[in-house]
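Q: Before we look at individual features, could you show me the structure that we are going to read together?

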Amino acid sequence: EYYRKFYQDLASRGGQDLIMDNSAFEMYKRNDPMYPTEKLVDLALDVGASYVVMSDYPTEPSSKTIKAAETMMYGLKSLGLGTFYCPQSEPGDIEDLMAGYAWGFTHPCVDYVAVSILNVPLAFGVESGNNLQRFMARWRWMNMLEERELLHYDKKIHFLGMVDGPREIDLVKKYHDVIDTWDSSAAV
């Protein structure tokens with residue numbers, strides 16, 4: 001109850017957007033099923049969230065996350081909630097993840113697109129067992145998005161989490177003007 005009240009009070013003051021996360025990273029790490037977006041809607045409305053992270057499916061083809069987004073986005077919009085999309089792909093499938101990003105950056109109903117500490121390292125095959133490559137993965141991914149001219153769309157970009165420490169902020173300095181928000185439990 002204290003947690004809920006904290007965010008209700010924060011939202012009531014205005015001036016910031018609250019994002020209702022779907023805990024996909026935590027669910028994936030625990031090997032639990034993904035938390036469905038529809039269950040987040042009541043919580044988002046209760047705490048005054050501005051955006052809801054739509055269901056995403058790590059290690060699944062991008063089409064599954066796209067289908068979930070297509071199912072949820074109009075309902076979220078009708079409730080006055082913004083849409084937050086986190087593309088996914090099967091491990092090692094960089095081109096499928098890129099297709100998921102292209103869909104999100106070009107779809108008019110997607111407000112936020114996430115670059116996560118899970119989806120990019122999974123696509124590069126470095127999510128575990130190679131901390132240095134995992135640390136470099138999102139920087140390389142942003143380069144790839146820029147090379148394919150996907151960063152020029154009028155979309156908000158959120159960096160989901162920070163696994164290997166706050167030095168990543170310096171690493172992606174070139175992209176600070178396109179990264180709108182970044183969450184982390186790492187001290188900065």
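A: We can begin with E168, which is buried because its relative accessible area is 5%, where buried means under 20% relative accessible area, exposed over 50% and partly exposed in between, for a 1.4 Å probe and protein chains only. The model is predicted, so local features need pLDDT of at least 70 and side-chain atom pairs count only at pLDDT 80 or more, while totals for chains, interfaces and linings use all residues. Residues are numbered from 1 along each chain as its sequence is written, and side-chain values use heavy atoms, with hydrogens and water left out.

Q: With which residue does E168 form a salt bridge?

A: Side chains of opposite charge can pair when their charged atoms come close. A salt bridge here is a side-chain nitrogen of Lys or Arg within 4 Å of a carboxyl oxygen of Asp or Glu. E168 forms one with R138, the closest N and O atoms being 2.8 Å apart. Because E168 lies in helix α8 and R138 in helix α7, the pair ties together parts that are 30 residues apart in sequence; helices are DSSP runs of H or I with at least four residues, strands are runs of E with at least two, and both are numbered from the N terminus. R138 also counts as buried, at 2% relative accessibility.

Q: How many salt bridges does the whole structure hold, and where do D111 and K77 lie?

A: A search of the whole structure finds 12 salt bridges. In one of them, the side chains of D111 and K77 meet at 2.8 Å, N to O, and this pair links distant parts of the chain, with D111 in the loop between α5 and β4 and K77 in helix α4, 34 residues apart. D111 counts as partly exposed at 22% relative accessibility, and K77 is partly exposed with a relative accessible area of 33%.

Q: How should I read K155, and which side chain of opposite charge is nearest to K155?

A: For charge, Lys and Arg count as positive and Asp and Glu as negative, whereas His and the chain ends are not counted. K155, in the loop between α7 (131-147) and β5 (156-160), is buried yet has no salt bridge, and the nearest side chain of opposite charge, D111, is 6.1 Å away. The side chain of K155 does reach the backbone oxygen of H107 at 2.5 Å, and one of its polar atoms lies 2.4 Å from the backbone oxygen of V110.

Q: Which residues of the largest nonpolar core touch the most other members?

A: In soluble globular proteins, nonpolar side chains tend to be buried together. A nonpolar core is a set of buried Ala, Val, Leu, Ile, Met, Phe, Trp, Tyr and Cys residues joined through side-chain atoms within 4.5 Å. Of the 42 residues in the largest core here, Y101, W141, M142 and L145 touch the most other members, and α3 (37-47), α4, α5, β4, α6, α7 and β5 each supply at least two residues of this core. A second, separate core of seven residues includes V53, F84, C86 and Y112.

Q: Which residues of α5 are buried, and what covers them?

A: The buried residues of α5 are D96, L97, M98, G100, Y101, W103, G104 and F105, and what covers them includes α4, β3 (82-85), β4 (112-116), α6 (119-124), α7 and β5.

Key: A polar contact is a pair of N or O atoms within 3.5 Å; within protein, one must be able to donate a hydrogen and the other to accept it, and residues adjacent in sequence count only if both atoms are side-chain atoms. Contact means heavy atoms within 4.5 Å.
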